[in-house]
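Here are my notes on this one, point by point. Have the model open while you read.

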Amino acid sequence: MLLFSCTLPIPPSVNSLFGGGSNQKRFPSKKYKEWLLLCENVKTYQLHADCISVRYTFYWPDNRARDLTNHVKAAEDFLVKRGVIKDDCWQIVKRVELISGGIDKQRPRVEIDIFKV
């Protein structure tokens, strides 16, 4: 059963989410902050489900090679920060499905669907 669905701009790679080195305090990068601003108007609501499955379908701006899993972290953190899901731990998120939907130069995005397990 589908519980929640939303569309976000393509998240930055986990490699570019934070600045700061091993001996420095980590801080959100400029790229990450800009992406969060693009997500501000996305309508969300809180789910009260403890057992969910999340499907991410990515539509890329071009044919460049990318590590699909590196783009999930920011989207997961968005869902937690907005209260859509309580946490992204394995006790709540029982299954994660990553799909590359191909290229959409006009509207690159990630479509997120959350299901009750």
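1. Start with the crossover: strand β4 (residues 52-60), helix α2 (residues 72-81) and strand β5 (residues 93-103) make a right-handed β-α-β unit. Right-handed here means that, with the strands pointing away from the viewer, the path from the first strand over the helix to the second runs clockwise. Helices (H or I, at least four residues) and strands (E, at least two) are DSSP runs, numbered from the N terminus.

2. A word on the ground rules. This is a predicted model, where local features need pLDDT of at least 70 and side-chain atom pairs count only at pLDDT 80 or more, while totals for chains, interfaces and linings use all residues. Residues are numbered from 1 along each chain as its sequence is written, and side-chain values use heavy atoms, with hydrogens and water left out.

3. Now the sheet. Four strands form an open sheet in the order β1-β6-β4-β5, with mixed pairing; two strands count as paired if DSSP finds at least two bridges between them. β1 (2-8) and β5 stand at the edges with a single partner strand each, so one side of each is left without a neighbour in the sheet. On average, neighbouring strands of this sheet are turned by 15° against each other, direction ignored.

4. Strand by strand, β4 pairs with β5 in the parallel sense over nine bridges, and Y59 stands opposite G102 in β5. With strand β6 (residues 109-116), β4 pairs in the antiparallel sense over eight bridges; there F58 stands opposite V110. β1 and β6 also run antiparallel, joined by six bridges, and T7 stands opposite E111 in β6.

5. How enclosed is β4 by the rest of the structure? Largely, because eight of its nine residues are buried, where buried means under 20% relative accessible area, exposed over 50% and partly exposed in between (1.4 Å probe, protein chains only). I52 in particular is worth a look: leaving aside its neighbours within four places in sequence, I52 is in contact (heavy atoms within 4.5 Å) with residues including L3, I85, I92, V93, I114 and F115.

6. α2 lies across β1, β4, β5 and β6, running at about 130° to β4. For that angle, axes are lines fitted to C-alpha atoms, for helices over the stretch in contact, and angles run from 0 to 180 degrees between N-to-C directions. Seven of the 10 residues of α2 are buried, so this helix is largely enclosed by the rest of the structure. The buried ones are V72, A74, A75, E76, D77, F78 and L79, and what covers them includes β1, α1, β4, β5 and β6. After α2 comes G83, whose phi is positive, near 80°.

7. Which residues touch the most other members of the largest nonpolar core? They are L8, I52, Y56, L79, I112 and I114, out of 28 residues in that core. The elements that give two or more residues to this core are β1, α1 (30-38), β4, α2 and β6. A nonpolar core is a set of buried Ala, Val, Leu, Ile, Met, Phe, Trp, Tyr and Cys residues joined through side-chain atoms within 4.5 Å.

8. On to the aromatics. Rings of Phe, Tyr and Trp (its six-membered ring) pair if their centres lie within 6.5 Å; planes under 30 degrees apart count as stacked, over 60 as edge-to-face and the rest as tilted. By this rule the count comes to five aromatic pairs. The F4 and Y45 rings have centres 5.2 Å apart and planes at 75°, so that pair is edge-to-face. F4 lies in strand β1 and Y45 in the loop between α1 and β4, so the pair ties together parts that are 41 residues apart in sequence. F4 counts as buried at 1% relative accessibility, whereas Y45, with a relative accessible area of 42%, is partly exposed.

9. F18 and Y32 form an edge-to-face pair too, at 5.6 Å centre to centre and 70° between the planes. Since F18 lies in strand β2 (residues 18-19) and Y32 in helix α1, the pair ties together parts that are 14 residues apart in sequence. F18, Y32, W35 and F78 form one aromatic cluster.

10. Last, P61, in the loop between β4 and α2. P61 is partly exposed, with a relative accessible area of 28%. P61 and I103 are 42 residues apart in sequence but 5.8 Å apart in space, C-alpha to C-alpha.
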